[in-house]
Amino acid sequence: MLIVDDDVTLLRHAQSCLVDLAELYVALTGEDAVRICRRILPDLVLLDLYLGDTDGLSVLRALRADEALQDLPVVLVSSERDPLARDRAFALDVVHWLPKPLDAARLRACVSVALQPRPDRLLRPAAPPANP
């Protein structure tokens, strides 16, 4: 699982809440998040809406544009209360939206559910081999 936030305090809090649920990786920037996702293909991304170098929706668009990452489950976290921001996130297929400050029990419950296999998120079958 990849946790993406430019707030080191939040990163540490999330790590301490989730350490026993998944192998955890962290990224402080959107650029690092996309690079790490391409390298490790995490089971889940916990993504802040506002990052120092970009916004979470731009990161989400980059993930959705990458064939290998397009079905990656993403939970967005934010202190943003604007319903339009939530609508934009859900239009990009986030699995959940968590408000900041993060409540430990709610975070753990959300991540536990999001890490469960979903039939609509199974890997697509490989294309059949071409006829020689």
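**Close-up 1. Arg 38 of this predicted model counts as exposed, at 54% relative accessibility.** Its side chain meets that of Asp 66 in a salt bridge (2.9 Å, N to O). Arg 38 sits in helix α2, while Asp 66 lies in the loop between α3 (56–65) and β4 (74–78), so the pair ties together parts 28 residues apart in sequence. Asp 66 counts as buried, at 18% relative accessibility.

**Close-up 2. Asp 32 and Arg 35 pair within helix α2 (residues 30–40).** Their side chains form a salt bridge of 3.0 Å, N to O. The two residues are three apart, which means about one helical turn separates them. Asp 32 is partly exposed, with a relative accessible area of 26%. Arg 35 is also partly exposed, at 44%.

**Close-up 3. A salt bridge joins the side chains of Asp 20 and Arg 108 (2.7 Å, N to O).** Asp 20 belongs to the loop between α1 (8–18) and β2 (25–27), and Arg 108 to helix α5, so the pair ties together parts 88 residues apart in sequence. Asp 20 counts as exposed, at 55% relative accessibility. Arg 108 is partly exposed, at 29%.

**Close-up 4. Lys 100, Asp 5 and Asp 48 are linked in a network of salt bridges.** Lys 100 lies in the loop between β5 (96–99) and α5 (104–114). Lys 100 is buried, with a relative accessible area of 16%. Its side chain makes a polar contact of 3.0 Å with the side chain of Asp 5. Another, of 3.1 Å, reaches the side chain of Asp 48. Beyond its neighbours within four places in sequence, Lys 100 has contacts including Leu 10, Val 77 and Arg 81.

Key: Residues numbered from 1 in each chain as written. Predicted model: local features only at pLDDT ≥ 70, side-chain atom pairs only at ≥ 80, totals over all residues. Heavy atoms only, no water. Helix = DSSP H or I, 4+ residues; strand = E, 2+ residues; numbered from the N terminus. Buried < 20%, exposed > 50% of the residue type's maximum accessible area, 1.4 Å probe, protein only. Polar contact = N/O pair within 3.5 Å; in protein donor to acceptor, adjacent residues only side chain to side chain. Contact = heavy atoms within 4.5 Å. Salt bridge = Lys/Arg side-chain N within 4 Å of Asp/Glu carboxyl O.
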